[in-house]
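Hi there,

Here is the structure I promised to pass on to you. Have a look at it first, and then read my notes below.

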Amino acid sequence: MSRAMRRIAAVSFGVVALLTAWLTFQQVLAGTTYSDDPRNLRSLPEPGDTRRGIVTSADGVILAEDRDGTRTYPEGESYLHIVGYVAGEDSAGIESTRAAGLRPLGDGSITSWLITLFGGSVEPPEVRLTVVDRIQRVAVEALRGRTGAVVALDPATGAILAYAVSPTQDPNELASGDVTVGEHLADPSSLDRVAFRLLPPGSTFKTLIAAAALEHGMSPDTVFEDTAEYLAPEAGLPITNATGGTCSGGTEITLREALAVSCNTTFAGLAVELGGAAISGIAERAGFNAVLPFELGAAISSIPAAADLNSDLGALAQTGLGERDVRVTPLQMAVIAASFGNEGQMMRPYIVDAVLTRDGTTLERTGSESLGQLIDPTVAADLVSMMIDVVSSGTGRAAAQAGIDVAGKTGTAEGAGGPHSWFLALAPAETPSIAIAIVIEGEGTGGTVAAPIAARILETWLGSP
Amino acid sequence: MTERAETLLLLAATLLVGAGTAVVTLTNEEGITFDAFVAATVFLASFGGLLFAIRSWAPKATRLLLPPVALLTALGLIEVFRIDRDLGRLQRYWLLLAAAIAMTVLRLLHGRGVEVLRRFRYLFLAAALGFLLLPLLPSGLPLGGATINGSRLWVRLDFGERALSFQPGEAAKVLLVVFFASYLAERRRGLAEMPRSIGPIRLPEPRQLLPIILAFGVSFAVLVYQRDLGASILLFGLFVVLLYAATDRPAYLIAGGMLIASGASGAQNVFPHVQARVDAWLHPFQDFAGGGFQVAQGVFALGEAGMFGTGLGAGAPYLIPAAATDFIFVALVEETGLAGGFAILAAFGLLFAVGFGIAVRSGDPFRSLLALGLTVTLVLQMTLILGGVLRLMPLTGITLPFVSYGGSSLLANFGIVALLSRISHEERT
C-alpha cells in the first residue's frame, strides 16, 4: 500500500513542478504574443513612458528616433514603406508591427526584470533592419520621378537588402500632422508597390516555364521549331515575337537561346505542351494563390487553376508569356528569383534583423526560415546558367558587370499607360549574394528601362562589399 | 517545527491579510478602511480558534499543516475582496463558519477518534448521494435546486428576501472519501487478488469490480444531470487513485484512465457544453466574443503579470469572467506576478507533502487511505483548475482549495484540514 502511496505522492509533486514550469512558459508567451492584441483592454496606451526606441539600417543609419519628444524620420521618404510612421493613434510599417518591441524595457515584464538583474539597459530598444542603406539609396535615386518598385534580398537567408517604392511621401509630414493620414491613404504614394502592387510578370514568368520544362525532362539544349507566329489550338489571334520575325533568324532554337532572347513563340508553345497542371503547379509551389508570410504583409499573387488554363489554350499560351490572368507582386518575383540562386530553396523574406538593448544585447533575432523547395538544385543550376546568357548575350545586356557573371531575366508586361518594365537579377551567378526584382510602370521594355537600374545596384553592392 | 514557529507564521498571515486588504483599498484611492481591520480580525479569530482546537483535541498533530493553509486562505481573502468587495465580505463569514465546523469535527472525534467514522460509512454514502442529488430538486421551493453558469450544482435556501446558495457536492466529496477509505480498507485484499485471466490480462472476481463500475456510473450521472465536468472527473479520479493505493495494482489505474479517456472523448461528442470547453481551450481567440472570451481574458491577465505583477489592486483581474472563483489564481498572478504564483504552488506542494506524509506513516489502513484520499482531493482540485486556467487542459469549473471564493468549498476544505490533523494526532499516539 505504501509503495503505491509514494508513487501517488511523487506524481503529485511532479504535477506541482509541471504547473510551475507551465505557468512560467504561459506567462512569457502571453506577455509577448498577446500583450499587444487590440482586444486586450490592458494594452491601451499607458500615460507613463511613451518613449520609443530607434530604428536603424543594417549599416547603422538611423531611420527613426525620438528628437525632443517628437518622432523623427531622418531619411524621410526613402523608408516610408518600410519604417512607416506614427501619427497620433495611427501607425504603419515597422512602427506598427514593432510597437511593443520599441517600448522602454522597464515595464515589469520578466524580460525587463532579467535585464536589470544582469545590469542591462532598460532604455527603449533598437530595432535593426536588414536593409542596407547604401543599396537603398541607389534604388531610391533610380526610382526618382518614376512609378515603380525595387526590392533586393539575400538569396541564402531571405533578408531584405533594399525595398524602394515610388511615388512616396515624407513620413515627417505625417508625424507632424501637416498631411493627415486620411489624405495620405487617398494618395497613390501610400501604395507599397513592392508587396501590394499586382502586375502581370511578363517575360520574367518564362523563368518558371523554363523550370517546369527542365523538370519535365527537357534540357537547356532541347531544340524547338523557331517560327514567327504561334497559334494555339482553337485560339483566335496568333502570338508573335517582339522582333516580328523568328527569334534565331533560322528555323530551330534551343531552350537556352529562347530564354536569352525571350522568344514568345517558343514559350507560348511550351506552355501549351506542358499543360495547365504543370504551369499552375510550379506557380503555386512558387507561392502563387497563397499568402506570403511577411512582416509588413503582402498581396496574394495569383494564377488561374489548371482546369481553367486547359479550357482555353489561347489563354494558356499567353500565360506562358506571363500575361493574361497572371498577377504577381515584385516581392514575390524577388523571392522566386532568389530561390534559383539558393539551390531551388525559397526563403521567407524578413526585414527586421534583430531587436537590441541600447547597450547591444540581443533581445530577439530573426532567423532565416525555408518556405520549401521550389525546384531541384540541378534544375536551379541549369536555369541560372541559362539566365547568365540573358545578361551576357540576350535581352538583359544592360545589366552586365565587368568580370562578374550576372544571371537575369527581362520582362515587358502590357499596361494601360504603356508597358511595365521588369528585371530580375542574381549576382554573382556562381554563389549569389543578392537577388533583385525591379518593375518600372508604363515606361518601356525590361531590357532598356529596368536592366540599367539593376546594373547600378549591382555596381554598388559588388563594388564595395 | 515548533509550536512557536507555527504561531508566528499564523500571525504573519494575519498581518498579510490586514496589509493586503489595506493595499487594495489604498491603490483604489479609498484610503485605509475598516475592512483591513475586520479582515485581519476575522482571519485571526478563525485560525486562532482552529489552532486552539487542534492543541486541545489533537495535541500531537503535525505543526506543518496550518501555515500553508493560512497562506492560501490569506491570499484568497485579499484577492476575492479586491475583485468584488461584497463577495470578499461574505467570504469572511464563510471563513468563520468553516473554522467553527473544523473545530466541531475535532471536538466530536476527540473521544473515539476517526475510527468511529467507519461505523457510519453507509450513512455517509447515503448522505453523499443525497447531497449530490439535492440540486435536482425543483426550483421555486424554499429549498430548491438552481442552475448557475449552465451547471445544476447549487441549492438555494430562500429566506424571503435573501437567498443563500451553496454546492452540496462539496460536502459530498469529503463524505465519499470517508466511505471509499473504509470500504477499500476492508476489501483491499479481495480487490488485489486477480484469480481470473483472459489471455495475458488478469482480472479480479467480477463481483469485486462492481463498485468501480458503480462509481463510474455515479460520476457519469453527475456529468449528465448536473453538467459538471470538473466534479465528475474529481469523483471518479479520486476513487481510482484510492483503489490503486489500496491494492497496489496499477491495472486499476490503467483501467480507470481508459474509462476516463473514453468517457471524456464520448462526452465531447455527445455534450455540446463539453465540446465548447474543448474549443475554448484549444482556440480561445477564434470565438473571442463567445465561448473563448473567459480563457482569452485569462491569457491577457497572465500576460500583464511579469515577475512581480502589477501590484495588489493595480491590475484589472475583474475583466475575467468568474475571476473570484475559477480564475482566482490568474487574478493573483496578474497582481502579484510569477512570484505570487510560485508562492501559491509552493504552499500547495508543502500541503501535499504533509498530507501524504500523514498517509504513509499511518499504520492503520483506514486512517492511511482516509488521509491519502483527503490529500488527493486537494491535489486533483488544484490540478484540474490550474491546468484549466493555464490552458494545459480544458477548463472545468471547480474551486481552487482555500483560495477561490465559495462558502461550501471553504467549509469542505476546512473539514479536510480538521480530519488530517486528527489522523496525524492519532498516528503519533
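Let's start where the two chains meet. Between chain B and chain A there are four residue pairs in polar contact, both residues at pLDDT 80 or more. A polar contact is a pair of N or O atoms within 3.5 Å; within protein, one must be able to donate a hydrogen and the other to accept it, and residues adjacent in sequence count only if both atoms are side-chain atoms. The pLDDT is the predictor's confidence in each residue, from 0 to 100.

Before going on, a word on how to read all this. This is a predicted model, so local features need pLDDT of at least 70 and side-chain atom pairs count only at pLDDT 80 or more, while totals for chains, interfaces and linings use all residues. Residues are numbered from 1 along each chain as its sequence is written, chains are lettered from A and ligands numbered from 1 in the order in which they are written, and side-chain values use heavy atoms, with hydrogens and water left out.

Which elements of chain B give two or more residues to the side that touches chain A? Helices (H or I, at least four residues) and strands (E, at least two) are DSSP runs, numbered from the N terminus. H13(B) gives the largest share, 13 residues. By type, this side of chain B has 36 nonpolar, eight polar and five charged residues. Here Ala, Val, Leu, Ile, Met, Phe, Trp, Tyr, Cys and Pro count as nonpolar, Asp, Glu, Lys and Arg as charged, and the others, Gly among them, as polar.

In total, 49 residues of chain B are in contact (heavy atoms within 4.5 Å) with 32 residues of chain A. About 3,700 Å² is buried between the chains, and carbon and sulfur atoms give 74% of that area. Buried area is the accessible area (1.4 Å probe) that two parts lose on being put together, summed over both.

In chain A, Arg71(A) and Glu95(A) form one, at 2.7 Å from N to O. Arg71(A) is in strand E3 (residues 70-72) and Glu95(A) in helix H3 (residues 94-97) of chain A, so this pair ties together parts 24 residues apart in sequence.

There is one disulfide over all chains, where a disulfide is a pair of cysteine sulfur atoms within 2.5 Å. Cys247(A) and Cys263(A) form it, with their sulfur atoms 1.9 Å apart. The link is right-handed, with 85° about the S-S bond.

Two cis peptide bonds to look up: Ser166(A) to Pro167(A), with omega about 0°, and Ala427(A) to Pro428(A), with omega about -15°.

Finally, chain B averages a pLDDT of 86, and 91% of the residues score at least 70.

Happy exploring!

Conventions. Salt bridge = Lys/Arg side-chain N within 4 Å of Asp/Glu carboxyl O.
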